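Colleague: I would like to go through this model with you. Could we begin with what counts as a salt bridge, and then turn to the fold?

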Amino acid sequence: MALHRLFHLSSLLRSAVSVTLRRNIGLSAVVFNKARDLDPVQKLFLDKIREYNAKSKTAGGVFEAGPAYQKNLTEEMTKLQRLYGGGDLTKFPQFKFPEPKLEEVTAK
């Protein structure tokens with residue numbers, strides 16, 4: 001009797017897992033297909049971002065940045081270098097942690 005209930009429970013569990021997996025796979029396929037077909041406004045937005053990125057790469061910096069932008073950028077970089085002790089602010093700082101000198105302790 002107990003063995004029969006165990007088999008019945010295992011078949012119910014197997015069918016529940018099967019249905020859940022089928023639903024999840026089916027739902028994710030629908031979401032994936034909808035994600036490929038973007039809204040026209042989203043597509044236009046992404047196209048403009050990609051176009052600006054390409055223009056910025058060819059310009060070697062910020063695209064269509066005037067002299068006022070460059071002046072402001074140099075002033076801010078000078079201010080940051082003065083506040084934080086100079087150095088190259090475009091690179092990540094290098095940290096050096098010297099090995100501590102430990103004294104040997106003897107048991108008395």
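Modeller: A salt bridge here is a side-chain nitrogen of Lys or Arg within 4 Å of a carboxyl oxygen of Asp or Glu. With that criterion, Lys43, Asp47 and Arg50 are linked in a network of salt bridges. Please keep in mind that this is a predicted model.

Colleague: How many salt bridges does the whole structure have?

Modeller: Five are found in a search of the whole structure. One of them joins the side chains of arginine 50 and aspartate 47, at 4.0 Å from N to O.

Colleague: Where do arginine 50 and aspartate 47 lie?

Modeller: Both are in helix H2, three residues apart, which is about one turn of the helix. Arginine 50 is exposed, with a relative accessible area of 55%, whereas aspartate 47 is partly exposed at 32%.

Colleague: Which residue does glutamate 51 meet in a salt bridge?

Modeller: Its partner is lysine 55, with 3.1 Å from N to O. Glutamate 51 and lysine 55 are both in helix H2 as well, four residues apart, again about one turn. Glutamate 51 has a relative accessible area of 35% and is partly exposed; lysine 55 is also partly exposed, at 33%.

Colleague: Let us turn to the fold. How many helices and strands does the chain have?

Modeller: There are three helices and zero strands, so the order from the N terminus is α-α-α.

Colleague: What is the span of H3?

Modeller: H3 has 17 residues and reaches 24 Å from its first C-alpha to its last, close to the 24 Å expected at 1.5 Å a residue. Just after H3, glycine 85 takes a positive phi of about 85°.

Colleague: What share of the residues is buried?

Modeller: Buried residues make up 1% of the 108 in the chain. The accessible surface comes to about 10,900 Å², and carbon and sulfur atoms account for 63% of it.

Colleague: Is serine 56 buried or exposed?

Modeller: Serine 56 counts as buried, because its relative accessibility is 12% and the cut-off for buried is under 20%. It is in helix H2, residues 40-59. Apart from neighbours within four places in sequence, serine 56 is in contact with Gly61 and Phe63.

Colleague: Which residue pairs with phenylalanine 63 in an aromatic pair?

Modeller: The structure holds three aromatic pairs. In one of them, tyrosine 52 and phenylalanine 63 are edge-to-face, with 6.1 Å between centres and 80° between the planes. Tyrosine 52 lies in helix H2 and phenylalanine 63 in the loop between H2 and H3, so the pair ties together parts that are 11 residues apart in sequence. Tyrosine 52 is partly exposed at 40%, as is phenylalanine 63 at 24%.

Colleague: What about the rings of phenylalanine 95 and phenylalanine 97?

Modeller: That pair is stacked, because the planes are at 20°, with the centres 6.3 Å apart. Ring pairs also link Phe92, Phe95 and Phe97 into a cluster. Phenylalanine 95 is exposed at 56%, and phenylalanine 97 is exposed at 74%.

Colleague: One last topic. Which residues make the nonpolar surface patch?

Modeller: Tyr52, Val62, Tyr69 and Leu73 make a patch of about 350 Å². Of these, tyrosine 69 lies in helix H3 and is partly exposed, at 37% relative accessibility.

Definitions and conventions:
Residues are numbered from 1 along each chain as its sequence is written. This is a predicted model: local features need pLDDT of at least 70, side-chain atom pairs count only at pLDDT 80 or more; totals for chains, interfaces and linings use all residues. Side-chain values use heavy atoms; hydrogens and water are left out. Helices (H or I, at least four residues) and strands (E, at least two) are DSSP runs, numbered from the N terminus. Buried means under 20% relative accessible area, exposed over 50%, partly exposed in between (1.4 Å probe, protein chains only). Contact means heavy atoms within 4.5 Å. Accessible areas come from the Shrake-Rupley method with a 1.4 Å probe; for residues, only the protein chains shown count as cover. Patches are made of residues with over 30% relative accessible area and no salt bridge: like charges are joined within 9 Å, nonpolar side chains (Val, Leu, Ile, Met, Phe, Trp, Tyr) within 5 Å. The expected span of a helix is 1.5 Å times one less than its number of residues. Rings of Phe, Tyr and Trp (its six-membered ring) pair if their centres lie within 6.5 Å; planes under 30 degrees apart count as stacked, over 60 as edge-to-face and the rest as tilted.
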